Structure formats: C-alpha cells, structure tokens
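Please keep the sequence and the model in view while reading.

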Amino acid sequence: MILKFNISDFNKTLIDKIIEIEKQSEYSHWTKQMFLDEYKNKFSVFKIIKKDNQIIGFIIYRIVFDEAEILDIVIDKNFRGIKAGKYILNFAIKDIKEKNCNVIFLEVHQNNIVAQNLYKNAGFKQYSLREKYYNNSSNALLMKLNF
C-alpha cells in the first residue's frame, strides 16, 4: 500500500488545527503566539502535511545562512505510525540541503525515544546534552546532521 502525503505552506487560517495537533504532543508545548511569531519570522519555514486533504501534522524549521534548526515537528496521534513524520522530516532535509546549508541542529526530549529514532534513522547524531532544559527538569539531547 502506497501512502500519499502532501506538503504545503502554513497560513494563519490553519492555526486552530495546528494548536489542536500540538496539544497532542507530550513533549512540545507551543502557544498560539509562538506559532504566529514563527510564521512571521523571515528565517522560518512552516509546512503542514496532509493525507487525503486532511491536515495531519506540521514542521517548523529556521534557516540562517548555512545552518538550519528544526524547531517543532508533530504528527496527529491518529496518524502516527504511517511514516508521516519520516516523510515531512525528509522533505525538510531536502529543502534545507537545496538552500545550501551544511548542518541541521535540533533538540529532543531525553524520553522521546520515537523522535530520537526518527532523527537517528535520518542520519542525525547526538553531539551534546542540555541538562534540566525542559520545565520538569528533564534533559534535552542535542543532535545534528552534517551534509
């Protein structure tokens, strides 16, 4: 079975759906204002992923000169396990490469094993640890992908 996904640009009319998906994430807690601020940031790229014309997730990354950082990626809990996260991450990696970046950074919660595996399978390597980074004093793993 071939799954068909579609990637498109975020626009402000979709904010309520994005917040609904974000609330499903155990590890990410962006506010409406944070999303709107990133949408307006000239360095940020905000993409949504759809399946059968339904928004099922999103990714936000920032490109500054020859470096990029993945800020947030969340897939609707009802669509996890169908490779949508892999699809949108690979889309972002390709886009970032095409914009002549030579490294992508990200941070991931130490307990978010699913995300860690997604990133490792895409070639990201852990290079450091940020202790007590999250509100509940949990650590963040710092990862990067060099081109």
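**Overall picture**

Buried residues make up 44% of the 147 residues in this protein, and the model described here is a predicted one. The chain forms four helices and seven strands, which follow one another from the N terminus in the order β-α-α-β-β-β-α-β-α-β-β. With a radius of gyration of 15 Å, close to the 15 Å that the globule rule gives for 147 residues, the protein is therefore as compact as a globular protein of that length.

**Dimensions and contacts**

- Taken along the principal axes, the C-alpha atoms of the protein fill a box of roughly 40 × 35 × 35 Å.
- Among the contacts between residues at least 6 apart in sequence, 58% join residues that are at least 24 apart.

**Surface and charge**

- The protein exposes about 8800 Å², and carbon and sulfur atoms supply 47% of that area.
- There are 23 positive and 17 negative side chains in the protein, and the centres of these two sets lie 4 Å apart.

**Helix 2 and its cover**

- In helix 2, which spans residues 32-40, the buried residues are Phe 35, Leu 36 and Glu 38.
- These three residues lie on the same side of helix 2, because they cover an arc of only 160° around the axis.
- The buried residues of helix 2 are covered by elements that include helix 1 (15-22), strand 2 (44-51), strand 3 (54-64) and strand 4 (67-75).

Notes. Residues numbered from 1 in each chain as written. Predicted model: local features only at pLDDT ≥ 70, side-chain atom pairs only at ≥ 80, totals over all residues. Heavy atoms only, no water. Buried < 20%, exposed > 50% of the residue type's maximum accessible area, 1.4 Å probe, protein only. Helix = DSSP H or I, 4+ residues; strand = E, 2+ residues; numbered from the N terminus. Arc of directions from axis to C-beta. Contact = heavy atoms within 4.5 Å. Rg over C-alpha atoms; globule rule 2.2 N^0.38 Å. Areas by Shrake-Rupley, 256 points an atom, 1.4 Å probe, with all protein chains shown as cover. Lys, Arg positive; Asp, Glu negative; His and termini not counted. Charge placed at Lys NZ, Arg CZ, Asp CG, Glu CD.
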